[in-house]
Amino acid sequence: MARRARIFVVSGPSGVGKGTLVALVRERVSCLGLTVSATTRSPRPGEIDGTSYYFMSDEEFQRHVDAGDFLEWAWVHEHRYGTLRQEVERVISEGRSVVLEIDVQGGINVRQAIHDAVLVFIEPPSSEELERRLRGRGTEDEASIETRLANARGEMAYADRYDVRIVNDDLERACVELQNVIERYENYDGGHQ
Ligand SMILES: Nc1ncnc2c1ncn2[C@@H]1O[C@H](COP(=O)(O)OP(=O)(O)OP(=O)(O)O)[C@@H](O)[C@H]1O
Ligand SMILES: Nc1nc2c(ncn2[C@@H]2O[C@H](COP(=O)(O)O)[C@@H](O)[C@H]2O)c(=O)[nH]1
């Protein structure tokens, strides 16, 4: 059966493990393309412009908004983040699927623009564990942690608008589940999926 390049959106509250999961799935699903998002937040130690994100000033980000360059963009945790159209088009034109690790507003906007995008919501095993992971990562100051935890409840309310929900309790199990979702949708060749 022919494999079809698809757009997969992976969303969930900050610290749930989206980045960790997607990095692991990328090692196992060779045909996935890479896209880099744009953001107005400052780089964390070790983050590289053009690899982790395209780090932009507010003015530069706004120029891309005005030019219609974004497939979607949103305010997330007090900064702007967006997916550049050309990033997605480049990967899809290579016949590869793409995983967009973006927030829930972005996810819904992608669904409106690309009806057959597959929306996957990653859930934490509990709110206590979410907080433990966010704090344990050690990348945010206290104010940013508080903002992200406060936003988590609102983000969780989007879960039932997503096609698939995966609980990231055991990383290996969640990874296999996400991998199966990608392979199932790439191989689906009929209907509305
Ligand atoms: N299943 C898991 N069990 C325990 N710890 C995990 C699990 N998955 C991820 N983690 C850890 O949780 C922390 C947050 O993970 P990660 O940075 O991938 O989250 P994220 O959802 O991508 O966050 P953000 O949206 O802020 O980028 C990391 O320290 C990671 O190692
Ligand atoms: N709507 C979009 N949201 C995005 C994009 N890239 C990342 N994100 C979301 O931002 C938060 C915070 O990321 P962090 O790197 O500051 O921890 C993350 O949870 C993503 O959901 C994007 O292109 N569009």
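This is a predicted model: local features need pLDDT of at least 70, side-chain atom pairs count only at pLDDT 80 or more; totals for chains, interfaces and linings use all residues.
Reader: Over how many bridges do strand S1 and S8 pair, and which residue of S8 is the bridge partner of valine 9?

Author: Strand S1 covers residues 7–11 and pairs with S8 in the parallel sense. The number of bridges between S1 and S8 is four. Among the facing residues, phenylalanine 8 stands opposite valine 118 in S8. The bridge partner of valine 9 in S8 is leucine 119.

Reader: Which residue of S9 stands opposite isoleucine 122?

Author: Strands of a sheet pair through backbone hydrogen bonds, either parallel or antiparallel. S8 and strand S9 (residues 164–167) run parallel and are joined by four bridges. In S9, the residue opposite isoleucine 122 is isoleucine 166.

Reader: Why is strand S8 described as largely enclosed by the rest of the structure?

Author: A residue counts as buried if 20 or more other C-beta atoms lie within 10 Å of its own. Strand S8 has six residues, 118–123. S8 is largely enclosed because the number of its residues that are buried is five of the six.

Reader: What length does helix H7 reach from its first C-alpha to its last?

Author: Helix H7 spans residues 171–187, which makes 17 residues. At 1.5 Å a residue, 24 Å is expected. The reach of H7 is close to that value, at 24 Å.

Reader: Within what arc do the buried residues of H7 fall, seen down its axis?

Author: The buried residues of H7 are Ala174, Cys175, Leu178, Ile182, Tyr185 and Glu186. They line one face of the helix, because the arc within which they fall is 105 degrees.

Reader: What covers the buried residues of H7, and which residues on the other side are exposed?

Author: The cover over the buried residues of H7 includes helix H1 and the strands S1, S7 (97–101), S8 and S9. On the other side of H7, the exposed residues are Glu172, Arg173, Asn180, Arg184 and Asn187.

Reader: Which of the 13 residues around ligand 1 come nearest?

Author: Helix H1 (18–28) and helix H5 (127–137) each supply at least two residues of the shell around ligand 1. By class, this shell has two nonpolar, eight polar and three charged residues. Those that come nearest to ligand 1 are Ser14, Gly17, Gly19, Thr20 and Arg133.

Definitions and conventions: Residues are numbered from 1 along each chain as its sequence is written. Chains are lettered from A and ligands numbered from 1 in the order in which they are written. A residue is near a molecule or strand if its C-beta atom, placed from the backbone, lies within 6 Å of it. Ala, Val, Leu, Ile, Met, Phe, Trp, Tyr, Cys and Pro count as nonpolar, Asp, Glu, Lys and Arg as charged, and the others, Gly among them, as polar. A residue is buried if 20 or more other C-beta atoms lie within 10 Å of its own, exposed if 12 or fewer, and partly exposed in between; C-beta atoms are placed from the backbone. Two strands pair if DSSP finds at least two bridges between them. The expected span of a helix is 1.5 Å times one less than its number of residues. The arc is that of the directions from the helix axis to the C-beta atoms. Two residues are in contact if their C-beta atoms, placed from the backbone, lie within 7 Å.
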